[in-house]
Amino acid sequence: MTFTWTDFPEKWDDEKAVSSLSLKVPDQVPENHLLIQGDNYPVLQKLSGTLAEKIDIIYIDPPYNTGNAFTYNDSFASRNDNHSAWLSFMSRRLGLAKNLLCKSGCIFIAIDQSELYVLKLLCDQIFGEENFVNDFMWLHGKGKKDTWSRTLQEHTLCYAKDKSSLKPFTETQITTWAKRNMDDDPRGNWFNGSISFSEKRSNPSHKNYFTITSPSGIKWTRQWLCSKEEMDELLKDNRIYFGRAPDYNKVPRVKIFNDENKEIIPKNIIDKVSSTRHAKEHLENLLGIKNIFDNPKPVDLISHLIEITQMKDDAVIMDFFAGSGTTFEAVLELNKKDGGKRKCILVQKAEKTRTDNPLGTIADITWERMKKNAADYKIPEPEKIVLSEE
């Protein structure tokens with residue numbers, strides 16, 4: 001089914017107006033981390049000419065549709081239709097975001113239940129239903145309650161630019177649950193994990209389609225989850241289990257011992273990261289200001305999402321609703337963890353916050369956090385570009 005969203009006029013649709021904005025647009029991926037201060041719509045329009053298909057991961061936590069007016073410059077026709085206004089607001093930005101993503105890239109979009117289902121339909125239209133990866137649900141604390149229920153999760157929709165080019169997502173766990181040792185392996189208890197596709201699901205044209213032989217002479221020809229060279233090493237190390245002697249007639253499985261790192265398919269329920277309260281306390285301690293920002297996301301939530309993509313360690317990550325700048329700290333934390341050289345591009349409008357905020361605007365909060373994070377992680381201070389109307 002095809003849905004057509006109401007498309008309201010918008011100030012930034014005028015190309016002449018956009019071209020009059022003063023912004024030194026990077027002509028390539030910046031050498032340093034970057035904050036662009038300004039309305040993200042014209043920023044994305046300008047970047048789409050120079051950074052098209054150069055962004056690996058986009059994470060955004062856009063304003064949820066609470067029924068209040070937007071602080072952005074979108075100028076909608078006079079109509080009391082918050083759903084349509086919010087969808088039009090998002091549609092423009094997601095269309096540009098898609099153009100920025102490289103073919104193997106993906107986008108994560110944080111959202112609550114108020115617009116989850118219509119956002120899913122909108123993303124199906126922009127990115128294609130076939131490129132939907134999953135809804136990664138974050139259990140964020142005690143939850144939000146009303147008369148009928150308590151909602152424990154927030155949602156993070158993930159879409160690929162081209163799912164056929166997106167690497168499989170994985171996460172690493174340390175195994176502790178092996179209770180048996182069926183062949184008296186001197187290395188101790190182990191459990192067996194899948195190492196192949198079934199014959200029916202195997203692709204004979206795949207590079208990992210080959211034959212191995214059990215100790216009893218049974219040949220197994222199928223598509224394996226490793227290369228021929230890797231399989232040879234596993235066989236040599238007695239890591240492939242063919243069933244009990246003397247028959248050895250079971251489907252080959254890989255042996256996984258306790259206290260080993262095991263790559264697994266990530267769950268879409270994220271329940272082992274910090275809470276909203278912890279994230280708020282972390283930001284307050286970092287900046288030395290109480291109640292500086294409402295509901296920041298935890299650093300380990302965003303670092304987890306980036307990490308499971310298995311993108312290259314010099315990936316470019318963008319967040320064009322940067323808020324307090326959590327995405328930047330998550331990138332620095334991952335770089336510290338694995339020695340990566342990921343780059344981060346943040347975009348944040350100079351939105352006014354509460355009157356007693358000593359930093360003034362949200363963009364000022366973003367910048368202050370970036371500077372403090374850079375000092376803590378001992379890297380050069382990021383670059384800052386300010387968009388202004390001439």
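## The second largest pocket

On a 1 Å grid over the protein atoms alone, a pocket is an open set of points where a 1.4 Å probe fits, with protein on both sides within 12 Å along at least five of seven lines. Its volume is the space filled by probe spheres set on the points, which are joined across faces, edges and corners. In this predicted model, the second largest pocket comes to about 1100 Å³. Of its 28 lining residues (an atom within 4 Å of a point), those closest to the centre are T170, S194, L225, K262 and E263. Strand β14 gives the most to this lining, four residues.

## Salt bridges

Here a salt bridge means a side-chain nitrogen of Lys or Arg within 4 Å of a carboxyl oxygen of Asp or Glu. The whole structure has 18 of them. One joins D232 and K228, at 3.1 Å from N to O. Because these two sit four residues apart in helix α5, about one helical turn separates them.

Another pairs K290 with E284, with the closest N and O atoms 3.8 Å apart. E284 is buried (under 20%), at 7%.

## How to read the model

Residues are numbered from 1 along each chain as its sequence is written, and side-chain values use heavy atoms, leaving out hydrogens and water. Since this is a prediction, local features need pLDDT of at least 70 and side-chain atom pairs count only at pLDDT 80 or more, while totals for chains, interfaces and linings use all residues.

Note on methods
Buried < 20%, exposed > 50% of the residue type's maximum accessible area, 1.4 Å probe, protein only.
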